[in-house]
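I opened my notebook to go through this structure step by step. Here is what I looked up.

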Number of protein chains: 2
Amino acid sequence: MTNIAESRSESYQTCTHDPQVSCGNCRLNSICLPLALESDDIAQLDDIIQRCKPLQKNQHLYREGDDFESVFAVRSGTLKAYKTTDDDREQVTGFYFPGEILGMDGISNNSHASSAKALETAAICEIPFTSLEKLSALIPNLQRHFFQLMSHEITEDQQLITLLSKNSADERVAALLLSISGRNARRKLSATQFRLPMSRVDIGNYLGLTVETVSRVFSRLQKMDILQVDNKEIEILDSQGLRNIANLSS
Amino acid sequence: MTNIAESRSESYQTCTHDPQVSCGNCRLNSICLPLALESDDIAQLDDIIQRCKPLQKNQHLYREGDDFESVFAVRSGTLKAYKTTDDDREQVTGFYFPGEILGMDGISNNSHASSAKALETAAICEIPFTSLEKLSALIPNLQRHFFQLMSHEITEDQQLITLLSKNSADERVAALLLSISGRNARRKLSATQFRLPMSRVDIGNYLGLTVETVSRVFSRLQKMDILQVDNKEIEILDSQGLRNIANLSS
DNA sequence: CGTGCGCTTGATAATGGTCAAGACGCGTGG
DNA sequence: CCACGCGTCTTGACCATTATCAAGCGCACG
C-alpha cells in the first residue's frame with residue numbers, strides 16, 4: 001500500500017510543546033489522569049508531555065515494529081490499533097477515543113506490537129516512556145496509575161476475548177455499540193446519538209465478523225426498532241433492548 | 001458449585017517464607033526475573049516474596065471479585081485463569097506454567113478480574129503488590145520489568161484475540177499446542193512430547209470451541225500423522241506440519 | 001464391580017462466510 | 001453544476017464450518 005518513503009513522509013513527527021494547554025486545565029483529565037496529584041506533580045508531568053500537531057485521517061501514529069519510545073493520549077479524534085496477521089489480514093485490536101491511552105503494548109519488546117492510525121483528524125499527546133518511568137519512581141500515585149492503566153488494558157482485552165469466543169454476531173455488535181455509548185457518556189456526549197468514526201470493515205475486523213454480517217446486524221437491529229441507522233449516524237432507540245441483546249440473547 | 005464456607009476453607013492461605021528457596025537460586029529465575037539485578041536487589045525482592053504451601057488440584061488461588069493484594073508466580077504445576085460470563089458460562093483467559101506470572105488483571109480495580117485455579121498440584125510464590133510497588137520505585141530495573149510483564153500480557157491477549165477472530169478450529173488448536181511446546185522448551189523440557197495439564201473442555205473454552213470440535217481436531221491431526229495423541233499425552237510428530245496448519249492453512 | 005466423568009464419534013442443524021450484484025454517497029474534474 | 005467513478009454499504013442466494021444433540025467407550029475412583 002505504501003512504500004517506505006511514503007510511510008516516512010506521512011508518518012508522525014514530534015513537535016514542540018504548546019504552553020496554552022496543560023494537563024491541569026485539560027478537559028479530559030478526569031479520564032486520562034484520575035489522580036490525586038499535587039499541582040507541582042502535574043507540572044512535572046506537563047513538562048514531559050508533548051502536545052503534538054494533529055494527525056490527518058489515515059495517518060499513522062506508529063507502526064507495528066517501530067521502536068517504542070512513547071505512549072500516547074488521544075486529545076481529539078479517534079484512532080484504531082491493529083495488527084497484520086501472517087497472511088496479511090488485519091486484526092483491529094482496539095479503538096481509542098479522546099482521553100484514552102494507547103501504545104502500551106510496545107513496552108514489552110521496546111517495539112510497537114501493533115500499528116495505530118487515525119480514523120479522522122486527531123490531536124495527540126505524546127508521553128515519552130523513559131521520562132514517565134523516571135517520574136513514576138518519584139510519584140507513587142503516578143506509578144500506581146500506570147500500573148492500573150495497563151491492567152485496565154488487560155481486562156479490556158479479556159472482555160474482547162470473551163466476546164469473540166462466546167457471543168453471536170448480534171451480541172458482539174450490540175456490545176460494541178454499548179461500549180461506544182458509554183465512552184461517549186464519560187465525555188459528556190450523548191449516549192444515544194453519535195457518529196461512528198470507523199467503517200463497517202473496521203467494526204467487522206474488530207469483532208471477528210465480515211462486513212456483510214455487520215451490515216446485516218445493523219439492519220436487523222433497525223428492523224427491531226432498537227437502532228436508527230443512517231450510515232455512520234447511530235441513534236439508540238431502545239437501550240434496554242440493546243443491553244438485552246448484548247448480554248443473554250444468544 | 002461451592003458455597004461461601006467451602007470456598008473459604010478450600011481457598012488459599014498465605015504461609016511463611018521457606019528460607020531454603022530464594023529467587024537467587026530458583027531454577028526458574030531466567031523466565032520469571034530475566035533481570036540485571038544486583039544481588040542485594042534480589043535479596044530485597046526475596047524479602048517481600050512469600051513462598052507458599054502447595055495448591056491442590058482444583059483449588060483456587062483467587063476468585064473473580066476477591067480483593068487484589070498480590071500477583072503470583074507459578075513455581076510448579078499449572079493454573080488456568082477464567083472469567084464467568086453473565087450467563088454463567090466460563091471463559092478461560094489463560095494457562096499459566098512454571099515461571100509465569102498471573103494476577104495482574106486485578107491491579108486496575110483493586111479486585112481480581114478473573115479467577116485462577118490449579119489444574120494440578122501447584123506451588124506458588126506470592127508477591128504482595130504494595131511491597132512490589134515500593135520496591136519498584138527504588139529499583140528502576142524492577143519497575144521496568146513489571147511494566148514489561150504487563151505489556152507482555154497485553155500482547156499475549158492480542159494474539160489470542162487474533163486467533164479467535166480470524167482462525168479456524170484447526171489453526172487454533174495447532175497454535176495452542178505450539179505455544180505449550182515453546183513454553184516447555186523454555187523450561188528445558190521436551191518441545192515434542194508432553195502431557196496436557198488441562199482438559200479438552202478447558203482447551204475448547206480457551207479457544208472458543210466446543211469439546212467435540214477440539215476432540216475432532218486432535219483426531220484429524222493424528223490421522224494426518226502430525227500428532228500422536230493418547231488422551232492427555234501428546235507427541236508432536238511433524239512440528240513443521242503443525243506450524244503450517246497454525247499459520248496459513250485456512 | 002458399578003458409577004460417573006471425560007473423551008470420542010456420528011448425524012443433523014444453524015450461524016456466519018463467500019460470492020455476486022446493486023445502491024448510495026462523496027469527491028473530482030469537466 | 002453536473003456527471004462520472006470509486007469506495008462503502010446493503011441485500012440476496014448459496015455454502016462451509018462448527019455447534020448441537022445423541023450415543024457409546026474407557027478409565028478412575030469409590
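**Entry 1: annotated spans**

I began with residues 167-240 of chain A: their end C-alpha atoms lie 18 Å apart, and the span is 55% helix and 15% strand. Helices here are DSSP runs of H or I with at least four residues, strands are runs of E with at least two, and both are numbered from the N terminus. UniProt, in an unreviewed entry, gives these residues 167-240 of chain A as "domain: HTH crp-type". I noted that UniProt positions follow the numbering used here, feature names are shortened, and annotations may be inferred rather than shown by experiment.

This is a predicted model, where local features need pLDDT of at least 70, side-chain atom pairs count only at pLDDT 80 or more, and totals for chains, interfaces and linings use all residues. Residues are numbered from 1 along each chain as its sequence is written, chains are lettered from A and ligands numbered from 1 in the order written, and side-chain values use heavy atoms, without hydrogens and water.

Next I looked up residues 33-134 of chain A, which UniProt lists as "domain: Cyclic nucleotide-binding" (unreviewed entry). This span is 16% helix and 36% strand. Its end C-alpha atoms are 17 Å apart.

**Entry 2: two helices in chain A**

I turned to α3 (residues 39-48) and α4 (residues 129-138) of chain A. Their axes come within 10 Å and cross at roughly 165°. Axes are lines fitted to C-alpha atoms, for helices over the stretch in contact, and angles run from 0 to 180 degrees between N-to-C directions. α3(A) and α4(A) are therefore roughly antiparallel (over 145 degrees; under 35 is roughly parallel, 65 to 115 roughly perpendicular, the rest oblique).

Which residues meet? A:Gln44, A:Leu45 and A:Ile48 in α3(A) meet A:Ser131, A:Leu132 and A:Leu135 in α4(A). Contact means heavy atoms within 4.5 Å.

**Entry 3: two copies**

I then compared the chains. Chain A can be laid on chain B with an RMSD of 0.0 Å, by a turn of 180° and a shift of 0.0 Å along the axis. In chain A, the C-alpha of A:Ala137 is nearest the axis, 2.1 Å from it.

Last, α5 (residues 140-166) of chain A packs with α5 (residues 140-166) of chain B at about 15°, with axes 9 Å apart. That makes α5(A) roughly parallel to α5(B).

Key:
Least-squares fit on C-alpha atoms with pLDDT ≥ 70 in both.
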